Amino acid sequence: AGGPYKLTVSTDKGQVIELEDILVGELWICSGQSNMEFPLKDAANSASDIAKSENSKIRLFNLKGIVRTDDSKWDSSVLDKISNLEFLEGAWKSCTPENAADFSAIGYYFGKRLNEDMNVPVGLIQVSVGGAPIEAFIDRKTLEFDPRLVDVLYNWKQNDFIMDWCRQRAALNLSQSNNSLQRHPFEPAYIYEAGISQFAGMPVQGVIWYQGESNAHNAEHYEAAFPSLVESWRKTFGNPEMLFYFAQLSSLNRPSWPHFRDVQRRLSHSVAHSGMVVTSDLGDSLNVHPVRKREVGERFARLALNDTYKQNLSCCGPEVLGFIQKGKQIRIQFDHAAQLKTSDHAAVREFEIAGQDGVFTPANAVIKGNEILIQTEIKEVQKVRYGWKPFSRGNLVNESGLPASTFTLEKN
């Protein structure tokens, strides 16, 4: 690792190509929808960070759309380029205040921490499209040959597998097109074909991923689509163990989000060589784009530094293991927590329990070491859940201040 180096390629006929300013280091992809795309310049308290961002050992490849997927009608020149897979443009640039300001805030903070802790160059490739569903990032062959996903390819503009909002937005963007085969970035396989495939075979160490807002209407479908995405990209980069870290959806007043967050929690256990960053403590009840991105990027970095680069760092919040009931007392056990506490030093919030009738009621929970204790009159508690609110004010953390995930747990 190091540089900058110069690479000279020559032939015996005197042809010479010289490539300069080459770095050797760690290469990561930063991908997803608008919360990964969210630029550093719009993040909380970023002005001073932008001013100090000059770093020739961090390189940024910001692959951006030629037009935003906002509520506008695209003209014929844009529509033609999109149908020709010319939607995304970008190039390698050194990390300067100007370039960092428009780069992913989460990606920047992630790369900055890796560079500081390991003292090696870091390359970051951003491929993010606001509002895009997960299906747009998966290659076509994977979609076609997966019996759980193949139906998303059929008539996607009227297909309920694709969120209604996505279909409405695409219809508006494409409303001036007369092309029956007109393409759109939200179309299944499109972002893969227009973007991810450009980097196929590169020695990528891993991916940080923040997406799901445009799939939260169908968590069960996402439970099949996310592993297929990971498999698709691991094949693309020729690395069956490529790291895939992802952000759990944050807190927002949308009813489907608690269940979706729990599905993501389960995926973090079922998908090999993956890890999840909890963000529910950083949400905004009215804004799908919370501005506290530094914490998210640094939590991603903690995962990578501990798991990938074998530094001894606390990188996970308390992870629920199970619960047992003895008489009127329930004991809930956690991993990654030598000592549970609350982030605001108040009583623990948002624990609920349900008996055989399946009706959840709030529970008074107390901390004892690395366990949660609940006293109850319910003879046989069947389920326990935590943080099960669209906008969660759950405050359970471990000794490192990292938050516990939303979860629901059934009796063993």
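This is a predicted model: local features need pLDDT of at least 70, side-chain atom pairs count only at pLDDT 80 or more; totals for chains, interfaces and linings use all residues.
Q: Is L19 buried, partly exposed or exposed?
A: Residues count as buried under 20% relative accessible area and as exposed over 50%, with partly exposed in between. L19 has a relative accessible area of 42%, so this residue is partly exposed.

Q: How are the buried residues of helix α7 arranged when seen down its axis?
A: Helix α7 covers residues 164–173, and its buried residues are C166, R167, R169, A170 and N173. Seen down the axis of α7, these residues fall within an arc of 165°, so they line one face of the helix.

Q: Against which element do the buried residues of α7 pack?
A: R167 is one of the buried residues of α7, and its relative accessible area is 14%. The element against which the buried residues of this helix pack is α3 (76–83).

Q: How far apart are the closest N and O atoms of R167 and D160?
A: Side chains of opposite charge can pair when their charged atoms come close. Here R167 is buried at 14% relative accessible area, whereas D160 counts as exposed at 58%. The two form a salt bridge, in which the closest N and O atoms are separated by 3.1 Å.

Q: How many residues apart in sequence are the parts that R68 and E37 tie together?
A: The side chains of R68 and E37 meet in a salt bridge, with 3.5 Å from N to O. R68 lies in the loop between β4 (55–65) and α3, and E37 lies in helix α1 (residues 34–37), so the pair ties together parts whose separation in sequence is 31 residues.

Q: Why does the ring pair of W28 and Y245 count as stacked?
A: The structure holds 19 aromatic pairs. In the pair of W28 and Y245 the ring centres are 5.9 Å apart and the planes lie at 20°. Planes under 30 degrees apart count as stacked, so the angle of W28 and Y245 makes the pair stacked.

Q: How many residues apart in sequence are the parts tied together by W28 and Y245?
A: W28 is buried at a relative accessible area of 0%, and Y245 likewise counts as buried at 0%. W28 lies in strand β3 (residues 26–32) and Y245 in strand β9 (residues 243–247), so the pair ties together parts whose separation in sequence is 217 residues.

Q: In which strand is the place of E319?
A: E319 is linked with E223, D262, R265 and R266 in a network of salt bridges. E319 is buried, with a relative accessible area of 13%, and among the residues it touches are R265, H269 and F334. The strand that holds E319 spans residues 319–326 and is β11.

Terms used:
Residues are numbered from 1 along each chain as its sequence is written. Side-chain values use heavy atoms; hydrogens and water are left out. Buried means under 20% relative accessible area, exposed over 50%, partly exposed in between (1.4 Å probe, protein chains only). Helices (H or I, at least four residues) and strands (E, at least two) are DSSP runs, numbered from the N terminus. The arc is that of the directions from the helix axis to the C-beta atoms. Contact means heavy atoms within 4.5 Å. Rings of Phe, Tyr and Trp (its six-membered ring) pair if their centres lie within 6.5 Å; planes under 30 degrees apart count as stacked, over 60 as edge-to-face and the rest as tilted. A salt bridge is a side-chain nitrogen of Lys or Arg within 4 Å of a carboxyl oxygen of Asp or Glu. Lists of a residue's contacts leave out its neighbours within four places in sequence.
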